Amino acid sequence: MTQDDDVEQLRQERDGYRAAYEQINGEFGTMRSEREGYKNAYETIAPRYNYLRSVAAPVIREAVRTDLVGKPSIFLVTLPKSGTVFISHSLSQTLGYDHSGVLVTPTFPKNIVWEAMAADFMAGGMVSASHMQPDAENLAVLKQSGVRKIVLHVRDPRAALSSWCHFRTPYAANLGDVERISQAALPFSDAFRGRSLAEQMDGYIQSFYLPSIAWLTDWLKVTDGDRDFDVLLKTHDELLGQEAAY
């Protein structure tokens, strides 16, 4: 092998290392960009999740009453303004069950299932009512806890929107922290309170009605496609005027 051959071989090896370096360096640059993206996303969402966890600490029963042990609990998931309080308390009082509204953080449309509460729920004798969003996180916690049966109670979202608007607007000045972080509760400034009912309704369409549509759509995907859950679908129309039959 001549000296020229040696030089050419060195050039080829050098170019190979350079190409490998440039490839690796490019991958590192991509990894750095992705890391920064994930970091920014985490920093954005972490305060919200931490606040959601802090606003409604779960209330675990010290002990399940002897007569309730082993009795199947009832997991009721409802669209807001569809009779949640009436249905859940009627069931609780009729059956003599314990009642809980904090198995899920009380925020809409985004909320989080309390794992400790899910375990308490599975001990028996409890009616739990919430507006739980069926995202992957929440469904996974339910599955891990053994929750398989769900009563899903829905209402025409247009009627729920009207009820929400008339319910929320008079109390706009008194909203608490829990409601202020909910997407469905607008920042009730003086300017918002000074708007006409029609203008306020426009705001609720964005903050409540559209999330309600998404919530319903996601739940229908669960009822149609997730065979891990047995979902009993009930409607507000079935409740009206025929509470006993319901």
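Two strands pair if DSSP finds at least two bridges between them. The model shown in these views is predicted.

**View 1. Five strands build an open sheet.** Their order is β2-β3-β1-β4-β5, and the pairing is parallel. β2 (98–100) and β5 (230–235) stand at the edges. Each has a single partner strand, so one side of each lacks a neighbour in the sheet. From one strand to the next, the twist averages 20°. Strands of a sheet pair through backbone hydrogen bonds.

**View 2. β1 and β3 pair in the parallel sense.** Four bridges link these two strands.

**View 3. β2 pairs with β3, residues 126–130.** The pairing is parallel and runs over three bridges. D98 has M126 of β3 as its bridge partner. S100 stands opposite S128 in β3. To get from β2 to β3, the chain crosses through helix α3 (residues 115–122). This β-α-β crossover is right-handed.

**View 4. β3 is covered on both faces.** In a regular strand the side chains alternate between the two faces of the sheet. On one side of β3 lie M126, S128 and S130. On the other lie V127 and A129. How many residues of β3 are buried? The count is five of its five residues. Buried here means under 20% relative accessible area.

**View 5. Helix α8 packs on the sheet.** The helix spans residues 197–225. It touches β1 (74–78), β4 (149–154) and β5. The direction of α8 makes about 145° with that of β4.

How values were computed:
Residues are numbered from 1 along each chain as its sequence is written. This is a predicted model: local features need pLDDT of at least 70, side-chain atom pairs count only at pLDDT 80 or more; totals for chains, interfaces and linings use all residues. Side-chain values use heavy atoms; hydrogens and water are left out. Axes are lines fitted to C-alpha atoms, for helices over the stretch in contact, and angles run from 0 to 180 degrees between N-to-C directions. Contact means heavy atoms within 4.5 Å. Buried means under 20% relative accessible area, exposed over 50%, partly exposed in between (1.4 Å probe, protein chains only). A crossover is right-handed if, with the strands pointing away from the viewer, the path from the first strand over the helix to the second runs clockwise.
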